[in-house]
Amino acid sequence: MFGDVKFVCVGGSALRMKSFIRYVAAELGVADPDSEYPNICAGTDRYVMYKAGPVLAVNHGIGGPSASILLHELIKLLHHAGCTGVTAIRLGTSGGLGLEPGTVVVTQRALDPTFQPRFQQVVLGKTVSHDSCLDQELAEELLQCSQELDQFSTVLGDTLCTDDFYEGQGRLDGAFCPFSEQDKQEYLQRAREAGVRNIEMESTVFAAMCRRGGLRAAVVCVTLLDRLKGDQVTSSHQVLQGYQLRPQQLVCRYVKKQLTAEAASPCPDPDPLL
């Protein structure tokens, strides 16, 4: 069932992944876009999984721990299915730094809160660190696809990954706020100077685990606001819905381009994953 998977697309929202698989199926012409795609993981409420042709779409929930669980199980699935040449892409939303809302950021490096390209976890009482840089060639290919679409602004940049939506991202509107507006602005400006263009909560673990699993990986997130100007999203629901489609449009363009190139110039698959 999964042996033909070439593209694994993940995102936080279950509903967004379902809308994405419908969109991909319609664009690729691999299935009836009006059909009700079944949730392959209907037996569990931990995450949803949909498939259309060579594309697998799965939601990872919010934050690194949830994403880590999914990625462990997803990488094992791909290995046992004998998948080869798999590309993994995280699609999501984020807060921008110095960017207009609606800008799409293709991540070059996923940075921790101290602006280091690493994912750290405690294993058997010891802190272990893994590289969280992403595939630069893939990032450039995605940027090229956006330029071909010519529908919205897309930039390359680093992504700040935090463990918390409120204090960890310098928000002043959480239940607790032990810092001032000036403190927040100083931190965000330091992040901007370090190359950060957006902030979210899953990129370091995604990048690190994909590297360890031998997956070519990218993170494509749209910005919903400029965090240098505030903490609250002020765009209308309709506008936000349009923003959230942008990563889907870009990734779908990339998938179509890759499949077209593969069909025109077939070549042997690389060694199986892992």
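## Cysteines

C210 is buried, at a relative accessible area of 0% (buried means under 20% relative accessible area, exposed over 50%, and partly exposed in between, using a 1.4 Å probe and protein chains only). C145 counts as buried too, with 1% relative accessibility. This is a predicted model, where local features need pLDDT of at least 70, side-chain atom pairs count only at pLDDT 80 or more, and totals for chains, interfaces and linings use all residues. Residues are numbered from 1 along each chain as its sequence is written, and side-chain values use heavy atoms, with hydrogens and water left out.

For C210, the nearest cysteine sulfur is that of C9, 11 Å away.

## Nonpolar cores

Now for the cores: a nonpolar core here is a set of buried Ala, Val, Leu, Ile, Met, Phe, Trp, Tyr and Cys residues joined through side-chain atoms within 4.5 Å. The largest one has 36 residues, and the members touching the most other members are F20, V55, L142, V220, L250, V251 and Y254. Helix α6 (residues 237-264) supplies the largest share of this core, seven residues. Helices are DSSP runs (H or I, at least four residues), as are strands (E, at least two), numbered from the N terminus.

Zoom in on L250 and, leaving aside residues up to four places away in sequence, you find it touching V104, V106, L142, C145, S146, L149, F152, T154 and V220 (contact means heavy atoms within 4.5 Å). There's also a second, separate core of 31 residues, with F2, V5, C83 and A217 among them.

## Helices α2 and α5

Helix α2 (residues 64-80) and helix α5 (residues 203-212) have axes that come within 9 Å and cross at roughly 20 degrees. Axes are lines fitted to C-alpha atoms, for helices over the stretch in contact, with angles from 0 to 180 degrees between N-to-C directions. That makes α2 and α5 roughly parallel to each other (under 35 degrees; over 145 is roughly antiparallel, 65 to 115 roughly perpendicular, and the rest oblique). On the α2 side, G64, A67, S68, L71, H72 and I75 make the contact, and on the α5 side V205, F206 and M209 do.

As for cover, eight of the ten residues in α5 are buried; the buried ones include V205, F206, M209 and C210. Just after α5, G214 has a positive phi of about 75 degrees.

Key
Disulfide = S-S within 2.5 Å.
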